[in-house]
Amino acid sequence: MEKYGAPLRLIIPGRVFRYEATDASHDTTFYQVEGLLIEENASLSHLKGVMAEFLTRLFGKPVKVRFRPGYFPFVEPGLELDFSCLLCEEKGCRVCKNTGWIEFMGAGMVHENVLKAGGIDPQKYQGWAFGFGLTRLVMMRYGITDIRLLTNGDLRFVKQF
Ligand SMILES: [Zn+2]
């Protein structure tokens with residue numbers, strides 16, 4: 001924000017490490033993509049539409065998305081976006097913890113103090129930001145039912161691709 005000002009659209013991929021109890025859908029290492037859009041009249045409906053379109057194009061079939069309230073310190077409101085589980089067609093499975101939905105990403109409207117700190121006038125510009133794991137997308141795309149298979153180094157798994 002300080003360097004480029006507004007309007008601004010950016011996307012940042014990178015590897016993430018975190019302290020985490022592992023299970024079928026959580027691991028200590030994953031790849032994440034962060035995105036930020038700052039424009040006049042940016043809104044959450046815009047973000048929801050972008051994500052529904054992105055996921056539908058990625059998977060080649062209609063994907064539903066939903067927002068849930070969430071807390072992240074640099075956005076207000078903060079939210080989490082889930083998408084419909086493609087492994088079980090929303091019937092419930094181990095990956096979606098029998099909910100039919102996959103936790104996909106944290107997101108929200110950029111807090112006005114963040115815009116101010118970046119030198120952007122919050123009266124003129126709004127923005128949304130998100131961060132999602134590429135790993136879960138790979139799982140859905142290829143029908144992988146345990147995230148830990150991606151990092152455990154088992155060549156029988158890797159050689160399938
Ligand atoms: Zn499922």
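This briefing covers a zinc site, a set of aromatic contacts and a nonpolar surface patch. The model is predicted. Its zinc ion is held by four cysteines, Cys85, Cys88, Cys93 and Cys96. There are eight aromatic pairs in the structure, and one aromatic cluster includes Phe54, Phe83, Phe104 and Phe132. Val138, Tyr142, Leu150 and Phe161 make the nonpolar patch.

**Zinc site**

- The SG atoms of Cys85, Cys88, Cys93 and Cys96 coordinate the zinc ion at 2.3 Å.
- The four donor atoms of the zinc ion make angles of 103 to 117 degrees, and the site is tetrahedral.
- For four tetrahedral donors, the ideal angle at a metal is 109.5 degrees.
- Along the sequence, the donor residues of the zinc ion follow the spacing C-x2-C-x4-C-x2-C.

**Aromatic pairs and cluster**

- The structure holds eight aromatic pairs, among them Phe54 with Phe132, whose ring centres lie 5.8 Å apart.
- The ring planes of Phe54 and Phe132 stand at 35 degrees, so this pair is tilted; a pair counts as stacked under 30 degrees and as edge-to-face over 60.
- Phe54 belongs to helix 1 (residues 44-59) and Phe132 to strand 6 (residues 126-133), so their contact ties together parts that are 78 residues apart in sequence.
- Phe54 is partly exposed at 32% relative accessible area, whereas Phe132 is buried at 4%.
- Another pair is Phe83 with Phe104: their ring centres are 5.2 Å apart and their planes are at 75 degrees, so the pair is edge-to-face.
- Phe83 sits in strand 4 (residues 75-84) and Phe104 in strand 5 (residues 101-110), and the pair links these distant parts of the chain, 21 residues apart.
- Both Phe83 and Phe104 are buried.
- One aromatic cluster is formed by Phe54, Phe59, Phe83, Phe104, Trp128, Phe130 and Phe132.

**Nonpolar surface patch**

- Val138, Tyr142, Leu150 and Phe161 together make a nonpolar surface patch of about 390 Å².
- Val138 is located in helix 3 (residues 134-142).
- With a relative accessibility of 32%, Val138 counts as partly exposed, and this value passes the patch cut-off of over 30%.

Note on methods:
Residues numbered from 1 in each chain as written. Predicted model: local features only at pLDDT ≥ 70, side-chain atom pairs only at ≥ 80, totals over all residues. Heavy atoms only, no water. Donors = N, O, S within 2.8 Å, 3.2 Å for Na, K, Ca; no water. Tetrahedral: all angles 85-135°; square planar, octahedral: opposite > 155°, others 65-115°. Patch = residues over 30% accessible without salt bridge, like charges linked within 9 Å, V, L, I, M, F, W, Y side chains within 5 Å. Areas by Shrake-Rupley, 256 points an atom, 1.4 Å probe, with all protein chains shown as cover. Salt bridge = Lys/Arg side-chain N within 4 Å of Asp/Glu carboxyl O. Helix = DSSP H or I, 4+ residues; strand = E, 2+ residues; numbered from the N terminus. Buried < 20%, exposed > 50% of the residue type's maximum accessible area, 1.4 Å probe, protein only. Phe/Tyr/Trp six-rings, centres within 6.5 Å; stacked < 30°, edge-to-face > 60°.
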